[in-house]
Amino acid sequence: MSYLVIKCGGSIVEELPSSFFSDLKKLQQIKQVKPIIVHGGGPMITSQLKLMNVKTTFVNGLRVTTKEVLDVVEMVLSGSVNKQIVRRMLDQGVKGMGMSGVDGQLLQAVPIKETDKYGYVGQIKSVNVKLLESLADQDYIPVISPIAISEDHQHYNINADVAAAAIAASLQAPLCFISDIPGVLVNDKVLHFADQKKIEQLIQNQTINGGMIPKVKAALSALNAGAPEVSIVNGMDHHALVDFVQGKRIGTRIQLREISYV
Ligand SMILES: Nc1ncnc2c1ncn2[C@@H]1O[C@H](COP(=O)(O)OP(=O)(O)O)[C@@H](O)[C@H]1O
Ligand SMILES: CC(=O)N[C@@H](CCC(=O)OP(=O)(O)O)C(=O)O
């Protein structure tokens, strides 16, 4: 394995055990993996907006982003959340390099199609892969907040699952979603494998809802664009990352091809 894109959800970022960060080093040194972290921070953005008395709404799992909301999203994600992750990596002797998709034009965006509905939400047009390669060559682990920049230098808010999927697709790398649940749950049980058809059915009957919708959709889009493997795992599981790299059966593994569920 070479690159590994790890998406840390805002739901779990503050709870991640120290072993999560020390395992990054083990993966680099023992398995020659080049980890790349993409993080969210949805709950922290919502708390900050609340403190500032700014109303916030979601449509289809995406935050409606006015100019005022965009400033707060950027402040929270590229500021406190990003630096908190870098600090926790440094505590474990891991070389973290915090950046947003704006820095070095890492994530180049165009506005999402329905701008009247979503405001400053973007979709990723391209990823500056050379920048990621040069950081990995120096053993840095990029820690990326999902703010992107357009050709005319407007910043856009990107759902972190979508940003992680775009990066995994650009690098043709496996993608591991770290969240606060043990995987996709159906009747309180973890679904260990799910194919496209099953996911569409679970969205349709609302078993998959809320923040899980952009996650599974991003998983499918990464796979369709050539990412070899995508799983959703629980960040509270010690050594979830190592288990993922070793191909152990943890969380929910998403696949394109059909699976027999009998
Ligand atoms: N079928 C499902 N299985 C598991 N979680 C689900 C499901 N449907 C909705 N969810 C919700 O999705 C959440 C994970 O998405 P989200 O809150 O966006 O996490 P993150 O911040 O890790 O990206 C879970 O905490 C849960 O509330
Ligand atoms: C467009 C959009 O919805 N952006 C997200 C970005 C953060 C995010 O995705 O954080 P989680 O991974 O914790 O959900 C937002 O503003 O909340």
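**View 1. Glycine 42 is a buried residue of helix H2.** Glycine 42 counts as buried because it has 21 C-beta neighbours inside 10 Å. Buried means that 20 or more other C-beta atoms lie within 10 Å of the residue's own; exposed means 12 or fewer, partly exposed is in between, and C-beta atoms are placed from the backbone. Glycine 42 sits in helix H2. Helices (H or I, at least four residues) and strands (E, at least two) are DSSP runs, numbered from the N terminus. This is a predicted model, where local features need pLDDT of at least 70, side-chain atom pairs count only at pLDDT 80 or more, and totals for chains, interfaces and linings use all residues. Residues are numbered from 1 along each chain as its sequence is written, while chains are lettered from A and ligands numbered from 1 in the order in which they are written.

**View 2. Glycine 41 lies in a loop and is buried.** The loop runs between strand S2 (34-39) and helix H2 (42-51). Glycine 41 has 28 C-beta neighbours inside 10 Å, so it counts as buried. Leaving aside neighbours within four places in sequence, glycine 41 is in contact with Gly10, Val13, Val76, Leu77 and Val81. Contact means that the C-beta atoms of two residues, placed from the backbone, lie within 7 Å.

**View 3. Four residues carry the UniProt annotation "binding site".** The unreviewed entry lists Gly41, Gly42, Arg63 and Asn157. They span 117 residues in sequence, yet no two of their C-alpha atoms are more than 11.9 Å apart, so they gather at one spot. UniProt positions follow the numbering used here, feature names are shortened, and annotations may be inferred rather than shown by experiment.

**View 4. Ligand 2 is surrounded by 17 residues.** The closest are Gly10, Gly40, Gly42, Arg63 and Ala160. A residue is near a molecule or strand if its C-beta atom, placed from the backbone, lies within 6 Å of it. H2 and strand S4 (62-63) each supply at least two residues of this shell. The shell divides into seven nonpolar, nine polar and one charged. Here Ala, Val, Leu, Ile, Met, Phe, Trp, Tyr, Cys and Pro count as nonpolar, Asp, Glu, Lys and Arg as charged, and the others, Gly among them, as polar.

**View 5. Ligand 1 has 18 residues around it.** Gly9, Ser11, Ser179, Gly211 and Met212 are the closest. Six residues of the shell are nonpolar, 10 are polar and two are charged.

**View 6. The largest nonpolar core has 82 residues.** Such a core is a set of buried Ala, Val, Leu, Ile, Met, Phe, Trp, Tyr and Cys residues joined through C-beta atoms within 7 Å. Val5, Ala168 and Leu175 have the most contacts inside this core. Helix H6 (residues 160-171) gives the largest share, 10 residues. Beyond four places in sequence, valine 5 is in contact with residues including Ile36, Val38, Ala168 and Leu175.

**View 7. Tyrosine 3 belongs to strand S1 (residues 3-8).** Tyrosine 3 counts as buried, with 21 C-beta neighbours inside 10 Å. Not counting residues up to four places away in sequence, tyrosine 3 touches Lys34, Ile36, Leu171 and Ala173.

**View 8. Helix H8 covers residues 212-224.** Its buried residues include Met212, Val216 and Leu223. The buried residues of H8 pack against H6, strand S11 (175-179), helix H7 (196-204), strand S15 (230-234) and strand S16 (252-255). Just after H8, glycine 226 takes a positive phi of about 110°.

Conventions
The expected span of a helix is 1.5 Å times one less than its number of residues.
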